[in-house]
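Dear colleague,

Please find below the structure that I am handing over to you.

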Amino acid sequence: MPYTVPILNLLAACLLLISFAMLSRRRTQRLVNLFAWQGAILFLSTCLVAHSSGLHELYYSAALTLLLKVIALPLILHRLINRLGAQWDSETVVNIPLTMLAGLVLVIFAFGLAQPISMMATTITRNMLGIALAVILLSFLMMITRRKAVTQVIGFLAMENGLFFAATSATYGMPMVVELGIALDVLVGVFILGLFFFQIREQFESLDLRNMENLKED
Amino acid sequence: MTLPLIAEHPLRLLLYLITTWLALGLAGLPTPRGGRLVARVLFPLGAMICLAVATIAAIFLLTGHAPQTAILPFGLPDLPFHIRLDALSAFFLLILGLAGAGISIFSAGYFRAGEGTAPGLMGLQYHVFLASMALVLLADDAYLFMVAWETMALSSYFLVTSQHRIPEIRRAGFLYLLMAHVGAICILLSFGVLQGGSWQFTFDAMRHATSTLTPFLATTAFLLALLGFGMKAGLVPLHVWLPEAHPAAPSPVSAMMSGIMLKTAVYGFLRISFDLLHVRFWQWGVLVLAVGLFSAIYGAIFAAVQSDMKRLLAYSSIENIGIIFTGIGLAILFETSNLHLYAALALCAALVHALNHSLFKSLLFLTTGSVLHATGHRNLGKLGGLIRRMPWVATIALVGTLAIAGLPPLNGFVSEWLLLQSFLFTPQIPHAFVNMFVPLGAAVLALTAALAAYVMVKFYGVVFLGQPREASLSEARDPSWLERIGLLWLAIGCIAIGIVPQLAMRPAAGVTGMLLGQTVATSSLWWIAPIAPQQASYSGVILLAGILGTIGITFLLVRLLAHGRLRRVPAWDCGYPHQTARMQDTAEGFGQPIRHMFGAFFRIERDLPTPDDIAPRYRMRLEDRIWRTLYLPIARATQKIADMVSILQSGSLSIYLLCSFLTLIVLLVFVL
C-alpha cells in the first residue's frame with residue numbers, strides 16, 4: 001500500500017498532538033477522553049503496521065490495545081472520577097504555557113536522541129521512534145507538573161502508551177508474552193491505584209498530593 | 001546400621017541427618033503452640049541426630065578415612081553446591097554433635113512453653129540453626145559456605161530475639177545482625193581474593209589458585225578472613241555484640257551460640273589460613289597471637305566485674321576464644337619457622353580447647369537457664385544459696401566451673417596445659433625479638449587462667465553458696481528430668497576428657513595430621529606426653545586417684561581425731577547479731593579489686609549518695625572503652641551521611657518524579 005508510511009506519520013503526529021493537549025488540559029474527564037483517543041490511534045497504527053508487515057501477531061496486540069486502553073481503562077477511570085468527585089485538577093505546579101515550552105524542548109531532545117537509533121532500525125516505522133520517545137517524556141512531564149493523584153495515574157498510563165508505540169515502531173512490537181504481561185500489569189496497577197485513591201481521600205480528605213508531604217520523617 | 005556402613009558413606013549419612021533436622025523443624029510448624037509434640041518428640045529426636053552426627057564424625061576421624069566429596073543437585077544453574085568431609089570438618093562436626101546433643105535434650109524441657117516465640121516456631125529456628133551450622137562445616141565451595149553462613153546468622157538472630165517485645169533485646173539482636181553481616185562481607189571479600197583470578201569458587205580450585213597469589217594478596221585474604229571470622233568469634237575489638245546478644249537470648253540458644261557457633265568461626269579461620277592458603281608468614285602468627293592474648297585477658301577482666309550471670313559468661317566466652325586463637329597464632333608462628341611438631345602441639349591445644357569450651361560453656365549457660373527459670377533472676381545480686389534448693393544444678397555447675405577454671409582433673413586443664421607446654425618452645429623461634437617477647441605470652445595466659453578461676457569462684461559463690469538474697473528464692477526447684485539429662489551429658493563429657501585426654505587428642509591429631517602433616521606423639525590411652533615423656537607428661541587418672549586419696553585420708557583423719565566432738569552452733573556473727581542475707585559479699589564487691597587494678601580498661605560511672613541522703617542509693621555503671629572510642633564514631637559518621645542523603649526526602653511527589661526524570665534525561669544524554 002503506497003500510503004502506509006504517510007498515514008502512519010499522520011497518526012504519529014496526532015499522538016504527539018494529543019500529548020501536548022494532555023499537558024494543557026485541566027479538566028480530568030477531558031484527560032481521560034484524550035487518553036482514550038491516544039489508545040485509539042495506537043490501535044489504528046498497530047493495525048496498519050500489522051497489515052503492511054504481514055505480522056499477524058500484531059493484530060492481537062492491537063485488539064488488546066482496543067479492549068484495554070480504549071474501552072476498559074477509560075470506563076474505569078470515568079467511574080472513579082465520578083465517585084471521587086475529582087473532576088477538576090487544582091493549579092499545576094508550573095503554569096501551563098511554561099510547561100508547553102518545556103515540552104517543546106523535550107520533543108527536540110527526543111528527536112535528537114532517536115536519530116542514531118532509527119538509523120539502525122530496519123522497520124518502515126523507524127522515523128516514528130522520535131515521536132514515541134517524545135510521548136514518553138511528555139507524559140512524564142505531565143506527572144511532574146500535576147498535583148492530583150488521578151492525573152498522575154493518567155500520565156503514567158500515557159507513558160505506557162508511548163512505550164508501546166516505541167516498541168511497535170522500532171521492532172514491530174514486543175514478544176506476545178511480554179505484551180500480555182504488561183497489559184495485565186497496567187490493569188492490575190489501575191485497580192490498585194484506584195484503591196489507593198480511596199485510601200488517600202479517607203486519610204487526607206482530599207486527593208491533593210501536597211498533603212502527603214506531611215508523611216515524611218523529620 | 002552397621003559400623004562398616006558408617007565408615008563407608010559418612011558424607012551421605014550426614015546429609016540424611018541434616019535433612020532430618022530440617023524435617024523435624026518443619027514438623028513442629030503446623031501446631032506452633034503444641035508444646036507437647038515439640039518438647040517430647042522433636043527436640044529429643046534432634047538430640048539423637050546430634051549424637052549420630054558426633055558418632056559418624058568420630059568414626060571418620062579415628063579410622064583416618066580419606067576426604068569424601070560430593071556435588072549436590074541444588075544451587076544456581078552451573079553453580080551447584082559442593083560438599084566435602086575431611087578431618088577438619090569432622091572434628092568440628094564432633095563438637096557440634098557432642099555439645100548439640102546435650103543442648104537439644106535440655107531444650108526439650110526448657111522450651112516446653114516457648115520463650116516469647118511459640119515452641120513450634122522455636123523448634124524450626126533451632127533446627128535450621130543446627131542444620132546450617134553443619135552445612136557451614138561441610139561446604140566445599142564459597143557459594144554454599146556463604147549461603148549456610150548467612151542462614152546460620154539469620155536463624156540465630158531470630159532465636160536471639162525470641163523475646164522481641166523487649167526493646168533492649170531487639171537492640172541487641174540488631175547489633176548482632178549488623179556485626180554478622182559486616183563479618184560476612186569481609187569473608188566474602190576474602191573468598192574473592194582467594195580465587196586468584198580463576199573465578200572458580202570451589203575450595204578445590206582455590207587450593208590451586210592460592211599458590212600463585214602474591215604475598216600482598218595472600219595477606220589481604222588472610223586479614224579479611226581474620227576480620228570476618230573474628231567478628232563472629234568475638235575477638236577484641238570486634239566483640240561488642242557478644243555481651244549484648246548472650247544475655248538477650250534464651251539460655252539454650254546462648255549455649256548453642258557460645259558453644260558451637262563461635263567454633264564455626266574458628267573452623268572457617270582454620271580452613272582459610274591452613275587449608276586454602278598455601279603460604280603463611282610468621283608476622284600473621286604474631287598478629288593472631290597478639291589479638292588472641294589480648295582478647296583472653298580482656299575477656300577475663302571484664303568477666304570479673306560483671307553482675308549479670310549471662311553477661312559474665314559471655315565475656316568468659318571472649319576469653320576462651322582468645323585462648324583458642326592464641327593457640328592458632330602459635331601454630332602459624334611455629335609452622336612458618338619449620339617447627340612442625342610444635343605447631344602440631346599448639347594447634348592440638350587450640351582444637352582441644354575448642355571442644356572443651358563447647359562442653360563446659362554450654363553446660364554453664366544451661367545452668368544459668370535453669371537458675372533463671374527457677375528464680376526469674378539473672379542478676380547476681382538477687383541470687384544466692386541455691387545449692388540447698390537446686391542441688392542437682394549446683395553439683396553440675398560445680399563441674400562446669402571447675403572445668404572452665406582450668407583445674408585438674410577436668411578438661412579445661414588439659415587444653416590450657418597443652419597450650420602452656422607449646423609456649424615453652426617459643427624461644428626456639430628463629431626471629432629475634434619474637435622469641436624474646438612471645439614467651440611472655442605464657443605469663444599473660446597464666447594470668448588469664450588465674451583470672452578465669454577468680455571469675456568462676458565469683459560466679460559459683462554468689463549464685464549457689466551463702467544465703468538466699470531474696471525471699472522468693474526459697475521456691476526455686478531443680479529442673480525436669482529432660483534438662484537434667486542434658487546437663488549430665490555435658491558434665492560427663494567434661495570429666496571424661498579431663499581424665500582421658502586422648503578422647504579429645506586423638507580426633508585432634510587427625511586434624512593436625514591433615515593441616516600440618518604432623519601429629520603430637522600419643523603414647524598410651526591414660527598418659528599424655530606431647531613432645532617427650534622426660535619433658536612433661538600428664539595423667540588424669542593418677543591425678544584423680546591422688547585427689548580422691550587425699551580426700552579419703554583427710555576424711556578418715558577428721559573422723560578419727562575429731563569424731564564425737566562435732567557441735568552445731570550458729571556461725572560466728574562478727575559480734576553483730578543483726579545480719580541479713582543482703583550483707584553477704586556481692587558480685588560487685590567481689591569484683592572490686594579487679595576494677596581497681598585494671599581501672600584503665602573501664603569507663604566507670606558512679607553515683608555516690610551524699611552523707612545526709614535519707615534514702616541512699618549506690619549505683620555504678622561499667623562500660624567498655626572500645627564501644628566509645630571505636631564504635632560510636634562509626635555510628636555517628638553513618639548517621640551523618642544518612643542525614644545528608646535525607647535532604648532528597650522532601651516529601652513532595654513532584655520532586656521525586658523530577659529526580660527520576662532528570663536521571664532518565666542524563667542517562668539518555670549519556671547514551672547519545
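A residue is called buried when its relative accessible area is under 20%, exposed when it is over 50%, and partly exposed in between, with a 1.4 Å probe and protein chains only. By this definition A:Ser61 is buried, because its relative accessible area is 3%.

Before the details, two notes on the conventions are needed. This is a predicted model, in which local features need pLDDT of at least 70 and side-chain atom pairs count only at pLDDT 80 or more, while totals for chains, interfaces and linings use all residues. Residues are numbered from 1 along each chain as its sequence is written, chains are lettered from A and ligands numbered from 1 in the order in which they are written, and side-chain values use heavy atoms, with hydrogens and water left out.

Chain A

A:Ser61 belongs to helix H3, which covers residues 57-84 of chain A. Helices (H or I, at least four residues) and strands (E, at least two) are DSSP runs, numbered from the N terminus. Leaving aside residues up to four places away in sequence, A:Ser61 is in contact with A:Phe164, A:Met176 and A:Glu179, where contact means heavy atoms within 4.5 Å.

Chain A as a whole has seven helices and zero strands. Of its 218 residues, 49% are buried. Among its contacts with a separation of 6 or more, 77% are between residues 24 or more positions apart. The C-alpha atoms of chain A occupy a box of roughly 55 × 35 × 30 Å along the principal axes.

Chain B

Chain B contains 24 helices and four strands. Its radius of gyration is 26 Å, close to the 26 Å from the globule rule for 672 residues, so chain B is as compact as a globular protein of that length. The radius is taken over C-alpha atoms, and the rule is 2.2 Å times the number of residues to the power 0.38. Buried residues account for 55% of the 672 residues in chain B.

Cysteines

How many disulfides does the structure hold over all chains? There are zero, a disulfide being a pair of cysteine sulfur atoms within 2.5 Å. For B:Cys348, the closest cysteine sulfur is in B:Cys494, and because the distance is 17 Å, it is too far for a bond. B:Cys348 is buried, at 2% relative accessible area, whereas B:Cys659 is partly exposed, at 33% relative accessibility.

Yours sincerely
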